[in-house]
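This briefing covers a predicted model.

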Amino acid sequence: MAATLDTIVSLAKRRGFIFPSSEIYGGLGAVYDYGPLGVELKRNVRERWWRAMVHEHEDVVGLDSAILMHPTVWKASGHVDAFNDPMIDDKQSNKRYRADQLIEGHIAKLEKKKKTQEAERVHAALVEALNADDPSSALHALILAEEIRAPESGAFDWTEVRQFNLMFETKVGAVGGDTIYLRPETAQGIFVHFGNVQQTSRQQVPFGIAQIGKAFRNEVVARQFIFRMREFEQMEMQYFVAPGSQMEHYAEWAEKRMNWHMSNGIRPSRLRWHDHEKLAHYADAAKDVQYEYPFGWQEIEGIHSRTDFDLSRHQEFSGKKLEYFDPQTKERYIPYVVETSVGLDRTILMLLCDAFHEEEVPTAKEGKTESRSVLRFHPSIAPYQVAVFPLVKKDGMDDKAKAIAADLRGGLNVFYDEKGAVGRRYRRQDEIGTPFAVTVDGDTMEDGTVTIRSRDTMEQDRIPAENIAAYVKDATAA
Ligand code: ATP
């Protein structure tokens with residue numbers, strides 16, 4: 001059975017993956033905290049991304065830039081003027097909507113409907129409104145024509161469409177300080193350090209700079225759990241290339257990024273490409289990796305060919321040269337940029353949705369089944385790689401199991417559990433996605449072997465205790 005979002009939200013809370021922020025005070029909209037299991041999951045994903053992007057590429061180096069930056073950065077990047085969402089309120093229900101999402105939702109509905117002439121007309125007008133330079137006024141005209149209704153109430157009493165800047169503002173220093181912003185993306189930290197990184201790392205174009213870090217957006221509507229948050233984490237890589245070579249690098253990184261998602265165990269049938277129909281004025285190609293979440297196909301990562309827009313703007317606004325001198329061709333130019341930008345939290349939500357299974361499994365009793373829920377995480381992503389249990393807490397089995405667990409902790413994250421029936425302990429590990437469970441029983445005390453049970457097949461092998469680490473690591477390395 002496929003997971004609903006509610007199932008995932010409640011599992012995440014119940015097992016300690018993700019909690020609403022400041023929950024005892026009623027929470028804070030679209031802000032979430034990662035609990036003991038979530039934090040392990042997140043660390044493992046970060047680690048895999050860093051390894052795949054930085055350590056496995058001689059021509060990619062890392063950076064960790066600050067969240068707070070000089071305010072002119074955001075003028076140069078275009079965020080002060082254009083990082084807006086058109087929003088609209090329904091006065092009757094007191095609900096706020098993102099105008100573009102409202103239109104998109106309506107388009108999707110019209111596409112499903114049998115196409116009457118009227119539906120065709122509205123459909124075309126809405127598509128045009130979305131692509132127009134001034135979508136807000138076009139949208140407003142449509143609203144006045146009573147084409148869009150508030151989804152819940154069926155009635156409508158809309159306010160004007162207003163532009164809402166998504167950047168969080170704060171003040172620097174004491175009274176009267178300048179307004180600065182919490183960064184809405186990590187990329188600008190990379191652009192402004194292009195020169196520093198290039199010179200100190202002695203990289204030559206083409207090369208990339210990678211960064212993982214927090215970003216903040218005051219999203220107008222924030223539903224869908226950790227899909228759209230106001231504080232979230234991005235994993236971005238900007239690859240600097242010679243003008244004219246960008247399409248080749250764009251294709252190369254797109255392929256690598258899709259493969260990365262599949263290497264994390266995501267079902268290929270739930271991944272697809274979505275080409276942008278409308279490009280930002282500075283981009284010459286852009287597409288998204290989409291995942292089929294319980295609430296539909298949605299963006300998880302963007303691959304963008306951004307030309308020399310970013311470096312040119314920073315050169316213009318800072319007055320500092322951001323050019324590159326090619327020692328081979330003796331040419332001087334502002335590099336073009338191909339970027340890959342993936343949300344860590346959206347990746348976590350995708351992993352939870354994709355790994356979740358509810359299934360009927362046989363019990364010890366002939367012919368009887370029971371249901372189990374299991375997270376089939378890739379072993380190197382699972383919060384714990386192995387659990388260790390004594391079959392019963394006597395005859396030295398618990399001490400032996402503790403010693404084995406302690407031994408394994410050198411290289412693995414290990415869950416030790418001696419409470420309750422072994423079957424229940426297995427189920428608990430299934431539900432948090434631990435790929436292997438080791439049980440110490442009477443035979444262990446005689447011959448030093450243990451059983452090792454696979455989460456996915458539920459089959460057990462009997463192996464010498466000293467082989468556990470190698471057995472688990474073999475599976476984890478894949
Ligand atoms: P959307 O259209 O869904 O708002 P976007 O196109 O604005 O996303 P980008 O600016 O390209 O997103 O950001 C790159 C990635 O950062 C996205 O693919 C997504 O994974 C992640 N991301 C962006 N906004 C959020 C958010 N509010 N919460 C969680 N992740 C986000």
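Five strands make up an open sheet of mixed pairing, ordered β20-β19-β21-β22-β23. At its edges stand β20 (414-416) and β23 (460-464); each has a single partner strand, so one side of each is left without a neighbour in the sheet. On average, neighbouring strands of this sheet are turned by 25 degrees against each other, direction ignored.

- Three bridges link strand β19 (residues 386-390) to β20, and the two pair in the parallel sense.
- Within this pair, the residue opposite Val388 is Tyr416 of β20.

**The seven-strand sheet**

- Another open sheet has seven strands in the order β3-β9-β10-β16-β13-β12-β11, again with mixed pairing.
- Its edge strands are β3 (60-62) and β11 (271-275), each of which pairs on one side only.
- β3 and strand β9 (residues 207-216) run parallel and are joined by three bridges.
- Val61 has Ile209, in β9, as its bridge partner.

**The shell around the ligand**

- The ligand is surrounded by 16 residues, and the closest of them are Phe232, Gly302, Ser341, Gly343 and Arg346.
- At least two residues of this shell come from each of β10 (231-241), β13 (296-305), β16 (336-343) and α12 (344-355).
- Three of these elements, β10, β16 and β13, stand in that order in the seven-strand sheet.
- The largest contribution to the shell is that of β13, which gives four residues.
- By residue class, the shell holds eight charged, four polar and four nonpolar residues.

**Packing of α2 against α12**

- Helix α12, which supplies residues to the ligand shell, also meets helix α2 (residues 36-55): their axes come within 10 Å and cross at roughly 110 degrees.
- Angles of 65 to 115 degrees count as roughly perpendicular, and α2 and α12 are therefore roughly perpendicular to each other.
- The crossing of α2 past α12 is right-handed.
- On the α2 side, the contact is made by Leu41, Lys42, Val45 and Arg46; on the α12 side, by Leu344, Thr347 and Ile348.
- Four of the contact residues are nonpolar, one is polar and two are charged.

- Which residues does a cis peptide bond join? Val205 and Pro206 are joined in this way, with omega at about 5 degrees.
- Pro206 is located in the loop between α9 (194-201) and β9.
- Arg202 also belongs to the loop between α9 and β9.
- Although Arg202 is not a glycine, its phi is positive, at about 55 degrees.
- Most peptide bonds are trans, and most residues other than glycine have a negative phi.

Technical notes:
Residues numbered from 1 in each chain as written. Predicted model: local features only at pLDDT ≥ 70, side-chain atom pairs only at ≥ 80, totals over all residues. Near = placed C-beta within 6 Å. Nonpolar A, V, L, I, M, F, W, Y, C, P; charged D, E, K, R; others polar. Pairing = 2+ DSSP bridges. Axes fitted to C-alpha atoms, helices over the stretch in contact; angles between N-to-C directions. Parallel < 35°, antiparallel > 145°, perpendicular 65-115°, else oblique. Left-handed = near helix turned anticlockwise from the far one by under 90°. Contact = placed C-beta atoms within 7 Å.
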